[in-house]
Amino acid sequence: RRQRQMCIRDRDSLEDAYWVRRAVAGDQEGYRQLFGRYRWRVYRLAYRFLGNAAEAADATQESFIKAFRALGGFERRSTFSTWLMRIVTNTCLDFRRSRASEATVPLSEEMTEVMSESSQPLKRASRPGERMECDELRGALAEALEKLSPEHRAVFVLHTEEGLTYREIAEVLEISEGTVMSRLYHARKNLQGLLKKAGVLERRR
């Protein structure tokens, strides 16, 4: 499965490179293709960072504007997707620093990996009671995630939501893989602490 995913990524990178060359050459179809290939991924990432649909849409638009204006200087030392995700992440971090209000983000099931070893990973609920418990945990996780530092939140979202490897996250954030692992470790520990404080983990034991 991992090999298949790598093949798909390699193919996507080659296609991206083709459309980047077209766009840099002044072909509007290149820009349209790049936007079409990444608009939902960019919006999804922005929403996970910001937790607000309107802000996520604004961040998406701003990210593409920044990327397309800088496309001529894209040196291809990383893939286009990694380069774009770096722009999106920085744009979202700027949004979070400048806004005054807080928001709550609904989380994917993968977020439940922050549960302690003594707690079972959350599975898809099949009964009404289980669904209520599932919703309660998601809400608690969302609130806890909002309390993480921007640096820890960025690493956690990129790894858990986007499925990026340590190396890819290091490229996006322009930090070392060791720093990625350290921040991810502390992000998980902090989330566990916040969930324990909220009494969520105790109720699931």
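Reader: Where is the place of Gln-33?
Author: The model here is predicted. Gln-33 has its place in helix α2.

Reader: Is Gln-33 buried, partly exposed or exposed?
Author: Its relative accessibility is 27%. Buried needs under 20%, and exposed needs over 50%. Gln-33 therefore counts as partly exposed.

Reader: How far apart in space are Gln-33 and Val-20, C-alpha to C-alpha?
Author: In sequence, Gln-33 and Val-20 are 13 residues apart. In space, their C-alpha atoms are separated by 9.2 Å.

Reader: Is Asp-16 buried or exposed?
Author: Asp-16 sits in helix α1, residues 2-24. Its relative accessible area is 2%. The limit for burial is under 20%. So Asp-16 is buried.

Reader: Which residues does Asp-16 touch, not counting residues up to four places away in sequence?
Author: Leave out the residues up to four places away in sequence. The residues touched by Asp-16 are then Leu-34, Arg-37, Tyr-38, Phe-80 and Ser-81.

Reader: In which hand does α2 pass α3?
Author: The crossing of α2 past α3 is right-handed.

Reader: How many nonpolar, polar and charged residues has the contact of α2 with α3?
Author: From α2 come residues including Tyr-31, Leu-34, Phe-35 and Tyr-38. They meet a set in α3 that includes Ala-53, Ala-56, Phe-64 and Phe-68. By class, the contact of α2 with α3 has 15 nonpolar, two polar and two charged residues.

Reader: How are α3 and α4 set to each other?
Author: Helix α4 spans residues 80-98. The axes of α3 and α4 come within 9 Å and cross at roughly 135°. α3 passes α4 in a right-handed crossing. The two helices are therefore oblique to each other.

Reader: Into how many nonpolar, polar and charged residues does the contact of α3 with α4 divide?
Author: The α3 side includes Glu-55, Asp-58, Glu-62 and Lys-66. The α4 side includes Trp-83, Leu-84, Ile-87 and Asp-94. The contact of α3 with α4 divides into 10 nonpolar, two polar and five charged residues.

Reader: How is α7 set to α8?
Author: Helix α7 runs over residues 166-173, and helix α8 over residues 177-197. Their axes come within 8 Å and cross at roughly 100°. That makes α7, relative to α8, roughly perpendicular.

Reader: Which residues in α8 meet α7?
Author: On the α7 side stand Tyr-166, Arg-167, Ile-169 and Ala-170. Their partners in α8 are Glu-177, Val-180, Met-181 and Leu-184.

Reader: How many helices and strands are there in the chain?
Author: From the N terminus on, the elements run α-α-α-α-α-α-α-α-α. The count is nine helices and zero strands.

Reader: What share of the residues in the chain is buried?
Author: The chain has 205 residues. Asp-16 is buried, whereas Gln-33 is partly exposed. For the chain, the buried share is 42%.

Reader: What share of the accessible surface belongs to carbon and sulfur atoms?
Author: The accessible surface of the chain comes to about 11800 Å². Carbon and sulfur atoms hold 49%.

Key:
Residues numbered from 1 in each chain as written. Predicted model: local features only at pLDDT ≥ 70, side-chain atom pairs only at ≥ 80, totals over all residues. Heavy atoms only, no water. Left-handed = near helix turned anticlockwise from the far one by under 90°. Helix = DSSP H or I, 4+ residues; strand = E, 2+ residues; numbered from the N terminus. Contact = heavy atoms within 4.5 Å. Nonpolar A, V, L, I, M, F, W, Y, C, P; charged D, E, K, R; others polar. Axes fitted to C-alpha atoms, helices over the stretch in contact; angles between N-to-C directions. Parallel < 35°, antiparallel > 145°, perpendicular 65-115°, else oblique. Buried < 20%, exposed > 50% of the residue type's maximum accessible area, 1.4 Å probe, protein only. Areas by Shrake-Rupley, 256 points an atom, 1.4 Å probe, with all protein chains shown as cover.
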